[in-house]
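Please consult the sequence and the structure below before reading the numbered points.

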Amino acid sequence: MLRNLRGRFLLFSSNATKVRYSTCSAAITLSDEQSSSVSLPDSQNIPESPHVSVSRDTRDYISTILTCKNVSEVGKIHAQVIINGFLQDLPVANKLLYIYSQFRAIAYAEKLFDEMTVKDSVSWSVMVGGFAKTKDFVNSLRVFREILRSSLNLDNYTLPIVIRVCREKRDVVVGRLIHEVALKSGMDLDCYVCAALVDMYAKCGEIGDACKLFDEMPKRDLVTWTVMIGACADSGRPDESWVLFERMRNEGIVPDRAAVVTIVNACAKLGTLHKAVILHDYIRLMNFPIGVVLGTALIDMHAKCGNLDAAREMFDSMKERNVISWSAMIAAYGYHGKATMALELFHLMVGDRRLPPNEITFVSLLNACSHAGFVKEGMEIFDLMTKYGIKPNVKHYTCMIDLLGRAGRLNEASKMIETMAIEKDETLWGSFLGACRIHKNVEMAEKAARSLLELQPHNSGHYILLSNIYANDGKWEEVAKVRNLMNQRGLKKVPGYTWIEANNRTHRFKVGDRTHPKSKEIYDALKDLTEKLEEAGFVPDTNFVLHDVDEEVKVGMLSLHSEKLALAFGLISTPEGSLLRITKNLRVCGDCHNFFKFASLVTRREVIVRDANRFHCFKEGSCSCGDYW
C-alpha cells in the first residue's frame, strides 16, 4: 500500500545529511517544555508489544528498570538481564532501550538494539524517539525509513516523533510526506498525530496548512486546541489565538496548565492590556495554581502589555521563583527602558538570594543595557559571564553588537564581529545593519547587508532596511536597484499596522487608513492636533520619508502614518486625561516619535507605545527612552 510513498520518502530522508538546519531557541517562559507535552503521548506510556505474555519476572525487571536514576544503574540491571537470560524477553529489552534513550545514552541503546535477535514495532519506535531526543535527526529518520521498509505497524507514538523531527529541522517537504503516511495508514485522525502535524506546519511557516488541518478535524481535544493557539501566536497572529481561546471555552473545553501557559504567552504577544486583565481574572476564577512556569508567563504577559507594576506585583507574590522568573522580570525592566532597575534586580538575585544566573539572564541584562545606552555597564556584564562559567553565545554577541552599534561605536562592533569565534547568524548581522542605519554608515551597511542576504535571501526586511539606508544618503539609483531585486525575487514589504485599546476594544490602522467607521472624525482630529503641535514648535521631519518626492508631498505622507491615526482615534474615543496604549508591529519612526512627545505635552495625556523594539512612555513632552531607541 505504501510502496510508492516509501520510495519518495527514502529519496528525501537519504538526502537529509546534505542540508543544514537550525534548532529552536529557548523561550523565557519554557515553551519547549510545553511543546513537548502537547506533541507526544506521555513518555512513560510507550506502546507495549502486542500478543506477548508477560511473566512475573518480566514485570519485576520492567519495574526495576523504570526506577533507575542514572545510566550506571541501568547498566547494572542490563548486566543482570544478560546473566539471567532475559535479554531475549522482548518487553524487558524494549524497556532497557527506552530507559537508555531517556538518559540520552543513545550509544548504549543502539548497541543493545543491534544485539537484539527479535525486534518488534515498539523496539523500532523507541529508537526513532531515542535519536530524536539526542537531536540526531538524520538517524531518527533513517530508522523510521526502515520501519516503512519492513511494513511494521505505525502508532501514535512513532508518528508524532518523526513529525516533530521535521518541525525541529523546519523540513516541511518530508513533513508532508509523513502526513501522507499518516493518511495512508489511517492515523491522520489520531489526536496526537494531528496535534503534531498542526505544530509542524505552523513552525515551518505553513500556518495556512495548519489552520486548514485544524478546521477539518472531526473532533478536537485540548491538546490540539493548545497547539493551534500556540501556533497562531508563534506565527505572528496572536489575535487569532485569542479567538481560538474563546471558541475553545464556548465548546466547553477547560484548559489545563500547559494550555493556560500557552494562552498567556499568546496574550503577551498580542500586547492588549484589557485582554491580559480578562485572562488573569479567568485564571483566578478557575483557581489555577500559580507555579513557577505560569507565574513567569504572567510576569512576561503583564510587562509586554505595558503594565510593569502588575508584572512586578506578580513577581513579588510568587512563593517560588527560579532563574527564569528573575530573568523575565529583568527583561521586563529592560524593554521598558529601566536598565537601572534591571541591574539592581540582578544584584539582588546573585547577592542576597545567591541564585546563579544563566544564559537567559545575561541576554536580558545586556538587552537592558543596550536599550539604555549603558555601554560601560554592558561590557562589565559581558565580562562577568565567565565568572559564572557561561560561554557567550550568538545571542550575547548580538546584544553586544547592538549595544556598541547604537552608541555609535561601529568600528568596535565590526571588530567584535570579525574576531568572535562562534558562527554569526541573521539576528547579529541585522543588529549591526540597524546600527549602520542609525548612524548613516553606508559602507558598513553594505557589508552587513551582503552577509544578511546570503543567510536569508528571501527576508524582505533586510532589503527594506538597506533601501532606507541608501535613501537616507540620497542614493536613489541604489534604492531603485534594491527595490528591483525585491520585485525579481517576488518579495514584498511587511505592512505596518498600529493597534490602540479604547473602551475594552482593539482598533487597528494601517498607513492612510480610511476604513474605520469614524474615519472623518479621526482625520479632522489629526488635522486639529497637528496645527496645535506646530504652534507649540513641532516641525515634521521629512528625512523619514524615504521617497524621492517634493517636501510638501513628504509632509503629507508623514501625516498618514498609522500610529498618528491611532493616536487621533484615541483622543476622540477616550475620556480626557486618560492613558492611551498603542502597539505597532514595526519600529516607530523618528518623526512619529517626536510627534508623540509634543502630543503628550499639548494634550496632557500619557501615551504608552509598544513598537517592535521596546516600550516608549510619552509624558509631558518627553519619552522614557530618552530618544535612544
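1. Met329 is buried, with a relative accessible area of 0%; here buried means under 20% relative accessible area, exposed over 50%, and partly exposed in between, computed with a 1.4 Å probe on protein chains only. The residue belongs to helix α19, where helices are DSSP runs of H or I with at least four residues, strands are runs of E with at least two, and both are numbered from the N terminus.

2. The model is predicted: local features need pLDDT of at least 70 and side-chain atom pairs count only at pLDDT 80 or more, while totals for chains, interfaces and linings use all residues. Residues are numbered from 1 along each chain as its sequence is written, and side-chain values use heavy atoms, with hydrogens and water left out.

3. Which residues does Met329 contact, leaving aside its neighbours within four places in sequence? They are Ile299, Leu308, Ala311, Arg312, Phe315 and Leu345, contact meaning heavy atoms within 4.5 Å. The C-alpha atoms of Met329 and Ala342 are separated by 7.8 Å, the two being 13 residues apart along the chain.

4. The largest nonpolar core comprises 169 residues, and Phe144, Leu159, Met228, Leu279 and Phe432 have the most contacts inside it. Such a core is a set of buried Ala, Val, Leu, Ile, Met, Phe, Trp, Tyr and Cys residues joined through side-chain atoms within 4.5 Å. Helix α19 (residues 323-335) gives the most to this core, with 10 residues. Apart from it lies another core, of 30 residues, including Ala525 and Leu533.

5. Helix α5 (residues 90-102) has 13 residues and should span 18 Å at 1.5 Å a residue, which agrees with its end C-alpha atoms being 18 Å apart; the expected span is 1.5 Å times one less than the number of residues. Of the 13 residues of α5, 12 are buried, among them Leu90, Lys95 and Tyr100. The buried residues pack against α3 (56-66), α4 (71-83), α6 (106-115) and α7 (121-133). Just after α5, Arg104 takes a positive phi of about 60 degrees.

6. Residues 190-220 are 74% helix and 0% strand, with end C-alpha atoms 10 Å apart. For residues 358-392 the chain is 69% helix and 0% strand, and the end C-alpha atoms lie 11 Å apart.
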